[in-house]
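Hi everyone, thanks for making time this morning. I'd like to walk you through one structure, so please have a look at it first.

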Amino acid sequence: MAAEPQRGFFLTFEGLDGSGKTTQIKRLTSWLAAQDLPHIVTRQPGGTATGDRIRALLLDSKSAALSPRTELAMMFADRAQSIQEIIAPALAAGQIVLCDRFTDSTEAYQGGGRELGSQIVLELHRLLCNNLQPDLTILLLPNLKASLARARRRNTHEIEATGKDESRFERERDSFFQRVHAKYLEIAAREPSRIVVIEGKLSIDQVHRQIVGALSARLGLLQQGQSQFSSESA
Ligand code: TMP
């Protein structure tokens, strides 16, 4: 009898700029390695050779004249490549895929922030990404002002250190980020079983523990469903 195709676990991280995603992804990666769970880490935009070039164009503050629809199309061009080259093969190989941002970012930033609305984003996701859905999404929503201040400080340091100005999004007004924040909350309310929202003023350790708790619970469910994780836990 042919073996069942293996399906790994698709975990995405979402949040405003400066919300601490990168720190949490690093912590979780160490945890996964300690548990001996096969995983890969990628990000959007970027992660593939083509995607890294798209990312540079999107984030460069010299791309100021990019129209919202151009920006939207570039996010999906990046994502389609990332799914084809990285995400789909890793899931097919039974790995846990950690992805720093996915289509919720497009819905929040282009749909909400740029006011293009959710419908066009969800439609493009169906057409270009085969409607691939994460198994779990961690949405980090610490205080809006604190996140932005952190992201803007980080960019200033980066410009000083590297001379590269990749702050096109961080240069947006606070009202843009308020719309992004509101759209994130709307998406989380629409999909409560997929999205775990971690809000408020918590320490890095507290957030990490919540993420590990949410992921362990899902992987436990997967064990009952006979994925490859069951043999690892035996
Ligand atoms: P990052 O700094 O978290 O890697 O994200 C880069 C920027 O790109 C961030 O400001 C959010 C923005 N972005 C969108 O506007 N739409 C998207 O679909 C994605 C993936 C990112």
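Let me begin with a question: which element gives the largest share of the lining of the second largest pocket? Helix H6 does, with three residues. Before I go on, please keep in mind that this is a predicted model.

Let's stay with that second pocket for a moment. Its volume is about 360 Å³. There are 20 residues in its lining, and those nearest the centre are Ser19, Pro142, Arg150, Gly200 and Leu202. Besides H6, the elements that give two or more residues are H1, strand S4 (136-141), strand S5 (195-199) and helix H8 (204-224). If you sort the lining of this second largest pocket by class, you get eight nonpolar, nine polar and three charged residues.

Now to the largest pocket, which holds about 780 Å³ of space. Here 32 residues form the lining, and Asp17, Lys21, Arg55, Arg101 and Arg154 are the closest to the centre. Among the elements that each supply at least two residues to this lining are helix H1 (21-34), strand S2 (39-43), helix H2 (49-59) and helix H6 (144-162). Helices H3 (68-92) and H4 (103-113) are also in that group. In this largest pocket the largest share comes from H1, with five residues. By class, its lining has 13 charged, 11 polar and eight nonpolar residues.

While we are on H6, let me point out Ser147, which has its place in that helix. Is Ser147 buried or exposed? With a relative accessible area of 1%, Ser147 is buried. Its C-alpha is 6.9 Å from that of Leu16, although 131 residues separate Ser147 and Leu16 in sequence.

Next, the aromatic rings. A pair of rings is described by how far apart the centres are and by the angle of the planes. This structure has five such aromatic pairs. One of them joins Tyr109 and Phe169, edge-to-face, at 6.0 Å centre to centre and with 90 degrees between the planes. Tyr109 belongs to helix H4, while Phe169 is in the loop between H6 and helix H7 (174-190), so this pair ties together parts that are 60 residues apart in sequence. Tyr109 counts as buried, at 4% relative accessibility, and Phe169 counts as buried too, at 7%. If you follow the ring pairs, they link Tyr109, Phe169, Phe176, Phe177 and Tyr184 into a cluster.

Rings come up again at Arg79. This arginine lies over the face of Phe76, 5.1 Å from the ring centre. The charged end of Arg79 also sits over the ring of Phe102, at 5.4 Å from its centre.

Technical notes. Residues numbered from 1 in each chain as written. Predicted model: local features only at pLDDT ≥ 70, side-chain atom pairs only at ≥ 80, totals over all residues. Heavy atoms only, no water. 1 Å grid on protein atoms, 1.4 Å probe; cavity = no way out; pocket = protein on both sides within 12 Å on 5 of 7 lines; lining within 4 Å. Points joined across faces, edges and corners; volume = space filled by probe spheres on them. Helix = DSSP H or I, 4+ residues; strand = E, 2+ residues; numbered from the N terminus. Nonpolar A, V, L, I, M, F, W, Y, C, P; charged D, E, K, R; others polar. Phe/Tyr/Trp six-rings, centres within 6.5 Å; stacked < 30°, edge-to-face > 60°. Buried < 20%, exposed > 50% of the residue type's maximum accessible area, 1.4 Å probe, protein only. Lys NZ or Arg CZ within 6 Å of the ring centre and 35° of its normal.
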